[in-house]
Amino acid sequence: MIEFKNVRKVYEDGTEAIKGIDLKIPEGKLVALIGPSGCGKTTTMKMINKLIGLTSGTITINGRDISEEDEVELRRSIGYVIQRIGLLPHMTIEENISLTPRLKGWKKEKYESRVEELMNLVGLEPGIYRKKYPLELSGGQQQRVGVIRALAAEPPIILMDEPFSALDPISREQLQDELKHIQNSIHKTIVFVTHDIDEALKIADVIAVMRDGKIEQISTPRELISSPANEFVRSFIGEHRLNVSKKEFLVADIMDDASIFPEFEAAEYETIPHDATLSEAAGMFVSKQPDKLVVMKGGSQVGSVSRSDILKAVASESRREAQSQ
Ligand SMILES: Nc1ncnc2c1ncn2[C@@H]1O[C@H](COP(=O)(O)OP(=O)(O)OP(=O)(O)O)[C@@H](O)[C@H]1O
């Protein structure tokens, strides 16, 4: 567990970037730090691996104060992925991925098999890509290498700073899915900075919403949607809604008269009973985590909708209900 206690950061020019935050990041969870530009997400994250020092307060990892840890050792024990991942251009993909394991003195056999395992995990065929150089890969492929490079030495903690934001929407969605898949199988503690509420809702176990150097709310995606702590959080979620009228229509359909074809009973689809209430529907989406819902009406498919869109539509429906009461 990573724990912040009353942490403040004042930069040398006097900017008070972090204004006394308390934050507990449980082991094995993916926690998203989200908020508008300049609210302090990156500063918060970089204090964990001491890329940025704190002005006051403490950060502990499993009870040990990081101020007493050696910086180099600390950074080797924490994976780090950034936007436009800094792969070393003169090293092959294999050399890039195995960098930290080699620095840690792993035997060749061990790191080679680790590289192969990780490349397979994100769909990069080792036989084709291991000897290539970063510039011979697409942006999405390079970012995959960045993610698995951070995983290579099996760090218990991984920090990710907007790792997918430079990618096209398709690669981005794929990598979000892959990260979720990886996280479901290896349960690392991941701190993920994003300003994209859709991304946070899709991948995070816990979301911390930040504003102006403070944390406004820490909760599960479901709680965030159903019980925003204040107007700021509510509008932050709301501002990022897409195409809500269509989704509201689809949700209304689900509540009204929806059935799912039996052949869609594969894991990625989920059925919602006709008589489910809005909050039950939201609960099912969060607990079962289907990637997609197929909405049926009168025996034909009227659409399909992603988990985060459903959650947002449910939230806006709940708000409308609350306003009309
Ligand atoms: N090296 C620095 N010196 C002075 N001020 C800084 C420095 N780095 C960041 N800041 C300021 O600290 C505040 C928080 O910055 P930070 O980069 O943590 O925000 P962020 O939420 O990650 O923003 P973004 O989403 O735009 O990346 C901002 O007001 C920023 O201008």
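Predicted model: local features only at pLDDT ≥ 70, side-chain atom pairs only at ≥ 80, totals over all residues.
The protein chain has 325 residues, of which 36% count as buried, and its secondary structure comes to 14 helices and twelve strands. Among contacts in the chain between residues at least 6 apart in sequence, 67% join residues at least 24 apart.

**Packing of helices H7 and H8**

- Helix H7 (residues 139-151) packs with helix H8 (residues 169-186) at an angle of about 20°, and their axes are 10 Å apart.
- Because angles under 35 degrees count as roughly parallel, H7 is roughly parallel to H8.
- The crossing of the two helices, H7 and H8, is right-handed.
- On the H7 side, the contact is made by Gly139, Gly140, Gln143, Arg144 and Val147, while H8 supplies Ser171, Leu175 and Leu179.
- The residues of this contact between H7 and H8 comprise four polar, three nonpolar and one charged.

**Gly140, a residue of helix H7**

- Gly140 lies in helix H7 and belongs to the contact of H7 with H8.
- Gly140 counts as partly exposed because it has 17 C-beta neighbours inside 10 Å, whereas a buried residue needs 20 or more.
- With neighbours within four places in sequence left aside, Gly140 is in contact with Leu167, Ser171 and Leu175.
- Ser171 and Leu175 are also among the residues through which H8 makes its contact with H7.
- Between Gly140 and Ile203 there are 63 residues in sequence and 18 Å in space, taken from C-alpha to C-alpha.

**Ile215, a residue of strand E10**

- Ile215 has its place in strand E10, which covers residues 214-219.
- Ile215 counts as buried because it has 22 C-beta neighbours inside 10 Å.
- Not counting residues up to four places away in sequence, Ile215 touches Ile21, Leu23, Ala208 and Met210.
- Ile215 and Pro228 are separated by 13 residues in sequence and by 13 Å in space, C-alpha to C-alpha.

Conventions. Residues numbered from 1 in each chain as written. Axes fitted to C-alpha atoms, helices over the stretch in contact; angles between N-to-C directions. Helix = DSSP H or I, 4+ residues; strand = E, 2+ residues; numbered from the N terminus. Parallel < 35°, antiparallel > 145°, perpendicular 65-115°, else oblique. Left-handed = near helix turned anticlockwise from the far one by under 90°. Contact = placed C-beta atoms within 7 Å. Nonpolar A, V, L, I, M, F, W, Y, C, P; charged D, E, K, R; others polar. Buried ≥ 20, exposed ≤ 12 C-beta atoms within 10 Å, placed from the backbone.
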